[in-house]
Amino acid sequence: MFILKNKLYFSILYFSILIIDIIVKLGLDTIPFRFITKPLVVISLVFFYWINANEKSKRKFVFMILALFFFLFGDVFFIFKDVSLLFSLGMLGFILGKLFYTFRFSNPHDFKLVRLLPIVVFCFVYIFIVLNIIYDNLGEYFFPVLIYLFVAMLTLQFAYLRKSGVDKKSYLIVGVGILFSVFADSIAVLAQFYRHNFLYDYITVILFYGISQYLIVMGIIEEKVKIEKSLYEDFRLEI
């Protein structure tokens, strides 16, 4: 329990689990070893978040738990990604996980549409380029992959929009985490539908995915919600 309350000790534990999972994937049998090491990555984050979360909104707490649960769901099915049905279930788990991250990142603060334009353009170009590379090999997976990429970019946009509602430290940690998630997704999709062992996907996908989940959870735990200036000024006037 002490390890889960101490960020340094938990970080050592977490990355030890992640490294062990990579070693197991590269050198040991999937059954039973991978069924132990792979789920432990996200399970450790669930317990760490549960103990350290300081959410003022119960709804946001539930969104985070559901997001991590669906990522865990997807992780288990992705162990057998060569089986079509299990690969599809894994994609579904990750899509739902990213959607719940999107719900958790949303905030009621105003933002300027002009500021959102660059990230929207980036997302459109990103999806277009990736789909153009893998299109010939997608077959029946075209729409599932399109939805997956769209949701991944939606998560990126909502992480970007957190800037107006949270402190800089949390914003940057989550933002970097989402970027690592984009790297992991890109390599995984290209390795599956373009060229096997793309950028050493056996290592890089797990590593980038693990880093992204760690940073996102850490960033959310560190989050301090900004007080809207107008409300703060009204409060001062009343005093």
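Predicted model: local features only at pLDDT ≥ 70, side-chain atom pairs only at ≥ 80, totals over all residues.

Visitor: What makes the link between the side chains of Ser181 and Lys98 a polar contact?

Guide: The two side chains come to 3.1 Å. A polar contact is a pair of N or O atoms within 3.5 Å; within protein, one must be able to donate a hydrogen and the other to accept it, and residues adjacent in sequence count only if both atoms are side-chain atoms. Residues are numbered from 1 along each chain as its sequence is written, and side-chain values use heavy atoms, with hydrogens and water left out.

Visitor: Why is Ser181 called buried?

Guide: Buried means under 20% relative accessible area, exposed over 50%, partly exposed in between (1.4 Å probe, protein chains only). Ser181 has 13%, so buried is the word. Ser181 sits in helix 8 (residues 168-193); helices are DSSP runs of H or I, at least four residues, numbered from the N terminus.

Visitor: And what makes Ser11 buried?

Guide: Ser11, in helix 2 (residues 7-27), has a relative accessible area of 13%, so it counts as buried. Its side chain has a polar contact of 2.5 Å with that of Tyr214, and a polar atom of the Ser11 side chain lies 2.6 Å from the backbone oxygen of Lys7. Setting aside neighbours within four places in sequence, Ser11 touches Tyr214 and Met218, contact being heavy atoms within 4.5 Å.

Visitor: How do you know whether helix 4 is roughly parallel or antiparallel to helix 9?

Guide: Helix 4 (residues 58-78) and helix 9 (residues 201-222) pack at about 170°, axes 12 Å apart. Axes are lines fitted to C-alpha atoms, for helices over the stretch in contact, and angles run from 0 to 180 degrees between N-to-C directions. Under 35 degrees counts as roughly parallel, over 145 as roughly antiparallel, 65 to 115 as roughly perpendicular and the rest as oblique. So helix 4 is roughly antiparallel to helix 9. Among the residues making the contact are Phe71 of helix 4 and Val217 of helix 9.

Visitor: What makes helix 5 roughly parallel to helix 9?

Guide: The axes of helix 5 (residues 84-105) and helix 9 cross at roughly 25° and come within 12 Å. That angle makes helix 5 roughly parallel to helix 9. Their contact includes Phe94 of helix 5 and Ile216 of helix 9.

Key
Helix = DSSP H or I, 4+ residues; strand = E, 2+ residues; numbered from the N terminus.
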